[in-house]
Amino acid sequence: RRTQFIGAHHLHIGPRFTAQLFAKHPNLTVDLSCGNIVRGGDRLFEDDRQAWRTYAIRWQDRLLFGTDCVLGSQAGIWYLWETLAAHIRFLHQLHLPLGVLEKIAHANYERLAGLQPVALKSSDWQAVRP
């Protein structure tokens, strides 16, 4: 019970089944990679956006930002960027409260890994906004 489990790729199951596991296992965390992507120009259906938003807010302490970016000589830089951007678009389209977004984007992992948060000045963000 004291072991923290991180389910990669959202365990390849949807939020309904993951929520059931969260309810049973307080030591489970999952990342949002694998399937949680939005390609450029696409928009989530409103019902899907609302369902994922409700789920993310409810389980905000148990979700981690994750990607399926494959680093290595086989992947081009454009493909890596587009994959990362697709995961970011998914989170942006949920319109999460800033505190929830920060937990999912970095704070939950910092807590699990025992890392000290890195304070960023607004000038560090340049043109990128959460």
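Visitor: Is His 9 buried, exposed or partly exposed, and why?
Guide: His 9 counts as partly exposed because its relative accessibility is 28%. Buried means under 20% relative accessible area, exposed means over 50%, and partly exposed is in between (1.4 Å probe, protein chains only). Keep in mind that this is a predicted model: local features need pLDDT of at least 70, side-chain atom pairs count only at pLDDT 80 or more, and totals for chains, interfaces and linings use all residues. Residues are numbered from 1 along each chain as its sequence is written, and side-chain values use heavy atoms, with hydrogens and water left out.

Visitor: Where does His 9 lie?
Guide: His 9 is in the loop between S1 and H1. Helices (H or I, at least four residues) and strands (E, at least two) are DSSP runs, numbered from the N terminus.

Visitor: And what does the His 9 side chain make a polar contact with?
Guide: The side chain of Ser 33, at 3.2 Å. A polar contact is a pair of N or O atoms within 3.5 Å; within protein, one must be able to donate a hydrogen and the other to accept it, and residues adjacent in sequence count only if both atoms are side-chain atoms. His 9 and Asp 31 are 22 residues apart along the chain, with their C-alpha atoms separated by 5.8 Å.

Visitor: New topic: what order do the strands of the sheet have?
Guide: S1-S2-S3, in an open sheet of 3 strands with parallel pairing. Strands pair if DSSP finds at least two bridges between them. S1 and S3 are the edge strands, each pairing on one side only.

Visitor: How many bridges do S1 and S2 pair over?
Guide: S1 (residues 5–7) and S2 pair over 3 bridges, while S2 and S3 (residues 63–64) pair over 2. Val 30 in S2 is the bridge partner of Gly 7, and Leu 63 in S3 is the bridge partner of Val 30.

Visitor: Which way do the S2 residues point?
Guide: Leu 28 and Val 30 go one way, Thr 29 and Asp 31 the other, and all are buried.

Visitor: Back to Leu 63, what does it touch?
Guide: Leaving out residues up to four places away in sequence, Leu 63 touches several residues, including Phe 22, Val 30, Tyr 55 and Ile 104. Contact here means heavy atoms within 4.5 Å.
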